[in-house]
Amino acid sequence: MKVFIPLFVLLTGFAQGLAAGHDPIVLTAHQLSIATGKPSLVNMTNGTSYLPVWSLSGGTEGQSVVGLVALPTDCAAVKVEIVVTTDEAAAEPGMEDVYRVHFSQMVENAQVTERYLGYPVRTAVPTKSFVTRTIVLESYRSIVPGAPLSVRIQREPKDPANTFIRPAGLALVKVTPLAATPKPFVVEDTKGYNSWPMMQAIGDKLVCVYSRGSGHTINEDARLAYARTSSDRGRSWTPETVVANTPGFGEVPVGKGLDSKGAALFWIRRVGKEWQQDLYRTTDGVNFKLITTPKLSPAPVQITDIFTVPKVGLMCLWFSGGYAEGNDHAWGTLTSADDGATWKQTTVESGLSKAQWPTEPSAVHLGEGKILAIGRCEVWGGGTTARAQHQLTSTDYGVTWKRSQTNIGEVMGSTPTLVLDAKTGLVSNYYYQRGKGGVLRRRVVDPNFIFDRPLQWPVSEAIAVGSEDPTEAGNINATFIGDTHYLALYSGHSPNTSVLVTEAAAPSKR
């Protein structure tokens, strides 16, 4: 049965938003109306219980409903959740359905246009009927404060992850006004393309290594690698020093870590007529010494962060190949038993398609030979199974690996960086959601839980907001001092971008 909601009913929901302040603004099924397709407003029945829901098909595309809420003038973003249930159980464990949210705003004296097209979100359908599920479709999305917000909820039955093809009932939508995230600190904002920072703490000092050129280029001779240090947790930075400046090459930091003596190591990729990977060592963040330029085959596009693995020594991951379609993509490990003086290269996988290729991975050793890594995906569009981050796991000190797809899908070429907290044992996965919104996000998880459950990463939280330009912001790199995580990133609009640092408290045990 189709029901069209009268205007006065929508306005009732509108007034509720004005009165609710910063509490969640709730739109029930009766306060939503058809936006696209032919969804039905029905009573879902379980014995003597009757629940009004919008029935969204598991097989027909293009069904969505919409509601309007008023936002307080002092909020900067919103969180959007939906509550759904089904009168049919999943036929087997692991079946999923997929939803997304779209935003439009009524800004005074401006045309109403779709402000944000949400990413599809996949969730498991219970094996029992009439189980309530609250699904976060957007944990933080910047909005225009005070302007009425149109929220459109759509099911995505043609998404490859949508294996539950039966109808689902949308009972209500919750929109929660949120405050702005803290502003990052500036490391370098001089004229030019300041970008791709790597950051490592040496004791209580932050060392940030970055590069600067004329644009989003890696091989121009004018691109040098620089460093600054901070002794006040990123609030102020020492004058810039040059780390590497080889004539005829462009130099970019690509990885960092610590050796067994506590000195910082930085991989600098040097690109000219050939590609080289140089390893530098520093004890003060000012003076850098070239340790080695290993001869590697296949030649990596990039070598990533260095971490310590007992019985092995230093380890980092690498990847090689082109960014076009094809099967020339590979990845593997580098290990060193002598604090970085020499390295052994091992290929884990080769002959991969671009979609299978884990790039710019970040890894942590969990203990007893277990390693967890997350890699970015170079497919920047598509549904939940196309763009999601890769999960890489090893149980034998990095000898063999398993690659899986995660449910981390609000990404577009998003570089991950992991932090393992010794106190709690929790892992934080930081990444930058490029494009609309420009949000630095964090997902916190018990690594022992997620190790064999890559599709169950919890909802993200927002740490900072930057540029919405898809290629001129991101590439997060993390380190920590005590119970605080420090995140380096770059943000701006070509040809001028800035290197920034923001901080986040280490998550408490949940």
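How many bridges join strand E32 to strand E33, and in which direction do the two strands run?

## The pair E32 and E33

Strand E32, covering residues 427-433, is joined by 7 bridges to strand E33, covering residues 439-445, and the two run antiparallel. One place where this can be followed residue by residue is Tyr 431, whose bridge partner in E33 is Arg 441. Two strands are said to pair if DSSP finds at least two bridges between them, while strands themselves are DSSP runs of E with at least two residues, and helices are runs of H or I with at least four residues, numbered from the N terminus.

This is a predicted model, in which local features need pLDDT of at least 70 and side-chain atom pairs count only at pLDDT 80 or more, whereas totals for chains, interfaces and linings use all residues. Residues are numbered from 1 along each chain as its sequence is written, and side-chain values use heavy atoms, with hydrogens and water left out.

## The sheet around the pair

An open sheet of 4 strands holds the order E31-E32-E33-E34, and its pairing is antiparallel. Strand E31 (417-420) and strand E34 (461-465) stand at the edges with a single partner strand each, so one side of each is left without a neighbour in the sheet. From one strand to the next, the twist averages 25°, where axes are lines fitted to C-alpha atoms and angles run from 0 to 180 degrees between N-to-C directions.

## The whole chain

The secondary structure of the chain comes to 3 helices and 37 strands. For 510 residues, a compact globule would have a radius of gyration near 24 Å, and the chain, with 24 Å, agrees with this; the radius is taken over C-alpha atoms, and the globule rule is 2.2 Å times the number of residues to the power 0.38.

Of the 510 residues, 57% are buried, a word that means under 20% relative accessible area, with exposed meaning over 50% and partly exposed lying in between (1.4 Å probe, protein chains only).

## Two buried residues

Phe 266 is placed in strand E19, residues 264-271, and is buried with a relative accessible area of 0%. Leaving aside residues up to four places away in sequence, Phe 266 touches several others, including Met 198, Val 207, Leu 279 and Phe 288, where contact means heavy atoms within 4.5 Å.

Ser 498 lies in strand E37, residues 496-505, and is buried with a relative accessible area of 19%. Among the residues that Ser 498 touches, again not counting those up to four places away in sequence, are Glu 188, Asp 189 and Tyr 490.
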